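Let's take a walk through a protein model together. Please keep the sequence and the 3D view side by side as you read.

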Amino acid sequence: MALYSSNVAKDADNAVEILQEALTLDDRGRMSLRETPDLMELRREIPALWYVIRDRRGRELRHGPIPPEFASIGGALDQVSQARLGYLIDDDKATGARLKRVDTPYGRVQILTTEEGRVMAPGRASWLILSVLVTVLLPLLVLMTLVTLIATPKVVRWSLKSLEPVVDTARKLDVEQRGARLPEAGVPEEVLPLVSAVNDALGRYDEGHERRRRFLVDAAHELRTPVAILNARLESMPPSPDRARLLQDVARLSVLAEHLLNLQRLDRSNPNFQPIDLVDLGRQTAANLAPLAISAGYELAFETVTDAARVAGDALALERVLVNLVQNAIEHGGNSGAITIFVGRDSGHGIIEVSDQGPGIRPEYREKVFERFYRVRGNQRGSGLGLNLVRDIVRLHRGSIEIVDAPRQGACFRLALPLARSQHAKLGTDRDVTAAQDGA
């Protein structure tokens, strides 16, 4: 339809070709036209069809309203094989004409006729459309395909590049970090509602966490008073097995309250660390807990191979770590053997090890015991918070804790804390050096 409306499908040579095929000789040897189907169709499409057919001897066959500007051409163009004729008359374009010398059954003749042609035949139109498709549309289609496959992903990546700060911030989000939000500046409008929804969810999470924290703090404080009163009343009772068991239960309640308070006290983003000597801390803890360990049937020993192992930390928190580890050994060490607190240094870290000679902890449970409220056996006594508190305190001090096999039968909790900068100059490990000296 586009080709037809723009006259592209009009074939200027079509009228010449139809006249060429229709030209013949009559009985008298003169030029005449047979009424072929194409010629009849051409007459229907062009009612004002005109033509001048001239042979080499000047004989002519004329028909129709020949424009005056072409009627007198005569033999002036006998030496021209083909031409398109037309000119301007009073700023108006004159009707064009097509001149072409062709071979016919009559002989070689010159045909001058209108340049208007009938709509080209379907086969020729199909060939034209196919030519346009192959030379114009197909290259454009290939180009568009390449753009889609190559350029589109790059454009998408470029348009989403503004999300990189959002992605980086999301990767750094921590469950213990309060007030963190994804940046909304520069985010595409299509993605902004999602980022805003995530920030709203983070805000609700912060509010819920703060409510939980306040509840735990209030509950722990409220527990301390009745526990203290209950402990005082039990102390005033006459000695008996029931009184001893009740005192142990009250002591566990007191420890649970202290655990809750310590958990909330450590929930802060900027802890105020002070220099601490792990050797002094380990020696003092061993002295304080020795009576408790001895009464439970253990020997409590303190060992060190270094004069000092200074770290930056919270003294009360690290003391709680050692107390919890020793109490855990007392609880699960089988009420016999020795509990050892060892302090040393190793590759820029201060090392504390608390080991016992009990049944130990199977490898499949060594990570799970640090989870909150986890117990290896469901009927175990305790709150399930002690070792979780230990791990949280160690992480707050940028350290690590793991459970390894004890030198002798039992469990060994190995704690590593980064040494203060003044301690980094000393190379090697004191424990290994001492061991070598002992062997010598």
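Residues are numbered from 1 along each chain as its sequence is written, and side-chain values use heavy atoms, with hydrogens and water left out.

Let's begin with confidence. pLDDT is the predictor's confidence in each residue, on a scale from 0 to 100. Its mean over the protein chain is 79, and 83% of the residues reach 70 or more. Residues 427–440 stay under 50, and the model gives that stretch 12 contacts beyond four places in sequence; a contact means heavy atoms within 4.5 Å. Where pLDDT is low, the predicted coordinates should not be read in detail.

Now for the overall architecture. The protein chain holds 12 helices and 16 strands; these are DSSP runs (H or I, at least four residues, for helices; E, at least two, for strands), numbered from the N terminus. Of its 440 residues, 37% are buried. Here buried means under 20% relative accessible area, exposed means over 50%, and partly exposed lies in between (1.4 Å probe, protein chains only). Among contacts between residues at least 6 apart in sequence, 62% join residues at least 24 apart.

Next, find helices H10 (residues 315–332) and H11 (residues 386–396), which pack at an angle of about 145° with their axes 9 Å apart. The axes are lines fitted to C-alpha atoms, for helices over the stretch in contact, and the angles run from 0 to 180 degrees between N-to-C directions. On the H10 side the contact includes Ala317, Leu318 and Arg320, and on the H11 side it includes Gly386, Leu387 and Ile393. The residues of this contact divide into 8 nonpolar, 3 polar and 1 charged. In this count, Ala, Val, Leu, Ile, Met, Phe, Trp, Tyr, Cys and Pro are nonpolar, Asp, Glu, Lys and Arg are charged, and the others, Gly among them, are polar.

What surrounds Arg366, leaving aside its neighbours within four places in sequence? Arg366 is in contact with Ile361, Ile403, Val404 and Asp405. Its side chain makes a polar contact with the side chain of Asp405 at 2.5 Å; a polar contact is a pair of N or O atoms within 3.5 Å, and within protein one must be able to donate a hydrogen and the other to accept it, with residues adjacent in sequence counting only if both atoms are side-chain atoms. The Arg366 side chain also reaches the backbone oxygen of Ile361 at 2.9 Å. Arg366 counts as buried because its relative accessible area is 17%.

Val369 sits in the loop between S14 and H11 as well, and is buried at 9% relative accessibility.

Elsewhere, helix H7 (residues 192–235) contains Asn199, whose relative accessibility of 7% makes this residue buried. The Asn199 side chain reaches the backbone nitrogen of Leu182 at 2.7 Å.

Finally, look at the backbone of two loop residues. Asn335, between H10 and strand S13 (338–346), has a positive phi near 55° without being a glycine. Arg398, between H11 and strand S15 (400–405), is not a glycine either and has a positive phi of about 60°.

Technical notes
Predicted model: local features only at pLDDT ≥ 70, side-chain atom pairs only at ≥ 80, totals over all residues.
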